[in-house]
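Trainee: Could you take me through one part of this model up close? I'd like to look at the place where the two chains meet.

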Amino acid sequence: MKRRHFLKNMTALGTTSLLVNQSLAETRFPGPPASTTGTRSSYENPQKTLYGQMQTHGLTPLQDLHGIITPSDLHFERHHSGIPDINPEQHYLYIHGLVDKPLKLSINDLKRFPSVSRICFIECAGNCQDYFKKGPETSLQQVAGMTSQSEWTGVRLSTLLRETGLRKNANWLLAEGEDAALLTRSIPVEKAMDDAIIAYAQNGEAIRPEQGYPLRLLLPGWEGSSCVKWLRRLEVGDQPWMTREETVKYTDPLKDGSVRQFSMIMDARSVITAPTYPHQIEKGWHEIRGLAWSGRGKIKKVEVSTDGGSHWLPTQLQGPVLSQAHTRFNIPWQWNGNETLLLSRATDDAGYTQPMVQTLIAARGIGSLRYHNNGVLGWRVKSDGRIYYEIVA
Amino acid sequence: MSVQLCRSAKTALGLVVIIFFFCRPAFADSQEGSSLHEHPESFGLGTSPTEAELAALDTDIRPDGKGLPKGQGSAREGKSIYELKCQQCHGLEGEGGINDKLVGTLKDGIFPFAEKDAPKKTIGNYWPYATTLFDYIRRTMPYTQPGSLTDDETYSLTAYLLYLNKIIPEDRVLNSDTLPAITMPAHHRFKNDNRTRSGQVL
């Protein structure tokens with residue numbers, strides 16, 4: 001039966017019985033029946049913020065989410081030439097170059113290899129690139145929404161490279177996407193053999209088109225741009241290719257006049273997700289909540305300051321605490337109604353502590369913070385309870 | 001008989017416990033777990049791609065020139081192609097367009113990109129390899145029709161943009177020999193991130 005008819009009939013029945021002996025206030029009506037795909041409650045409307053002159057970015061609404069998994073349709077997007085429409089039946093992964101046996105693998109071939117799954121974040125190296133440009137009325141999404149987390153499933157790249165064999169000088173791989181830009185990045189073979197995954201699934205279903213359908217290279221803990229989407233080709237070579245995205249872009253000019261290249265690891269960062277702009281809080285008890293992660297390993301601790309950095313309080317890490325993964329932290333807080341500044345900083349199990357932005361500027365120079373700006377973020381609590389973004393430098 | 005079954009079951013259980021014990025650190029450290037099963041020598045999946053298939057896909061170019069196609073071009077030809085296919089987005093002579101600024105030079109020894117209000121990064125002041133320019137233009141430009149340029153057109157456009165950036169003279173003919181021989185002004189500044197090895201943190 002069509003859903004509309006079903007509802008109409010039910011309403012008609014209800015009306016009849018109502019006439020007999022019941023008041024409308026006590027009568028309940030069945031809701032719609034099962035559907036083939038669910039949707040969000042009509043009362044909930046989390047959305048990505050679109051950004052960029054060519055609408056090349058969609059930012060995750062971190063302030064609206066709970067737990068550690070980003071719903072797939074809210075995972076941030078960044079692309080250089082739009083989202084290609086790829087028929088998986090006609091899509092292959094080619095592995096060639098300095099290998100003994102070049103391979104052409106269909107999606108079905110890839111699914112027949114031993115599968116692995118892992119939960120990890122993907123963060124754009126340019127996350128927080130507008131740290132210094134944003135005004136007080138900036139949401140967490142707008143300043144730091146280029147990080148998201150999924151469970152990724154696929155086959156280990158090392159399993160595939162074992163099939164092809166690697167020649168003696170195999171030091172680098174070129175990963176190429178099938179978007180219109182044919183985006184390319186050079187990846188050290190060391191990482192490929194360590195924990196790289198050729199992913200075909202995200203949060204239990206096929207990868208979303210904007211996330212790389214049907215195949216994505218997943219390099220846990222490394223900058224998002226290197227996790228090449230719509231992956232079609234891996235060429236093995238003895239040196240990096242020096243593509244535009246690893247020379248002109250995604251490089252860090254330093255104060256000493258050099259340029260740091262292949263800075264792939266995403267350093268530890270934490271962000272408070274609540275309370276943040278545009279929340280308004282009342283006096284009394286609240287829970288300060290947030291996310292912390294590190295490309296080097298697990299989060300060991302997250303500290304919060306509720307007085308602009310004079311004192312730092314340890315927070316509770318909410319399990320699971322996974323390597324190279326967004327980790328929840330929280331701490332109860334009683335707001336006394338006075339204006340103050342909220343900060344958070346993460347430390348990972350490699351012993352790295354998220355720096356203040358001044359420390360990063362002193363070490364690298366402010367112009368270098370276009371990429372890899374993992375400095376502490378601040379949220380100003382005004383005496384009326386309104387929360388605003390604040391540049392802490 | 002049943003006693004024996006029981007006993008072997010116990011032994012098996014013991015083994016499982018022992019295996020579990022030894023595997024535990026791996027399970028604890030890696031989300032993917034360790035594999036209980038050895039992989040065969042080969043899974044025998046996939047096919048061998050043909051040379052022609054690979055040649056059609058493999059268009060990448062390295063700094064040493066590997067991958068550069070036959071063909072040639074100079075700034076003179078490049079100028080008219082640029083005006084027709086690139087200028088609407090990148091502006092007259094590579095400046096003042098709605099998209100990336102392609103031309104800009106700095107005096108020798110000046111490199112203010114880590115400073116506040118740094119100039120825009122351009123081919124003339126930041127790009128470390130000339131080969132990257134050929135690869136990127138042929139791969140990704142023009143933005144709305146990547147893949148539409150011939151190799152001669154790409155050599156010509158590369159030459160024109162290098163000429164506008166004062167890196168080569170107007171009449172220099174670029175081909176698979178002359179392009180990789182160009183040293184870009186910022187080339188010597190690029191260093192691999194070695195923080196994990198050097199112990200430097202930030």
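**Where chain B meets chain A**

Mentor: Let's start with the head count: 56 residues of chain B are in contact with 75 residues of chain A, contact meaning heavy atoms within 4.5 Å. Before going on, keep in mind that this is a predicted model, where local features need pLDDT of at least 70 and side-chain atom pairs count only at pLDDT 80 or more, while totals for chains, interfaces and linings use all residues. As for bookkeeping, residues are numbered from 1 along each chain as its sequence is written, chains are lettered from A and ligands numbered from 1 in the order in which they are written, and side-chain values use heavy atoms, with hydrogens and water left out.

Now the area. Chain B and chain A bury about 5,500 Å² between them, with carbon and sulfur atoms giving 52% of that; buried area is the accessible area (1.4 Å probe) that two parts lose on being put together, summed over both. On the chain B side, B:Gln31, B:Leu45 and B:Leu202 lose the most area to chain A, together 14% of what that side buries.

B:Arg195 makes one with A:Asp267, and their closest N and O atoms are 3.3 Å apart. Which parts of chain B supply at least two residues each to the side that touches chain A? They include helix H2 (51-57), helix H5 (130-140), S1 and helix H7 (195-198), where helices (H or I, at least four residues) and strands (E, at least two) are DSSP runs, numbered from the N terminus. H5(B) has the largest share, 4 residues. By class, that side of chain B has 23 nonpolar, 15 polar and 18 charged residues; Ala, Val, Leu, Ile, Met, Phe, Trp, Tyr, Cys and Pro count as nonpolar, Asp, Glu, Lys and Arg as charged, and the others, Gly among them, as polar.

Three strands form an open sheet, ordered S14(A)-S15(A)-S1(B), with mixed pairing; two strands pair if DSSP finds at least two bridges between them. Strand S14 (252-253) of chain A and strand S1 (190-192) of chain B are the edges, each pairing on one side only. Strand S15 (residues 259-261) of chain A runs parallel to S1(B), joined to it by 3 bridges. Among the bridge partners, A:Val259 goes with B:Phe190 and A:Gln261 with B:Asn192.

How values were computed. Salt bridge = Lys/Arg side-chain N within 4 Å of Asp/Glu carboxyl O.
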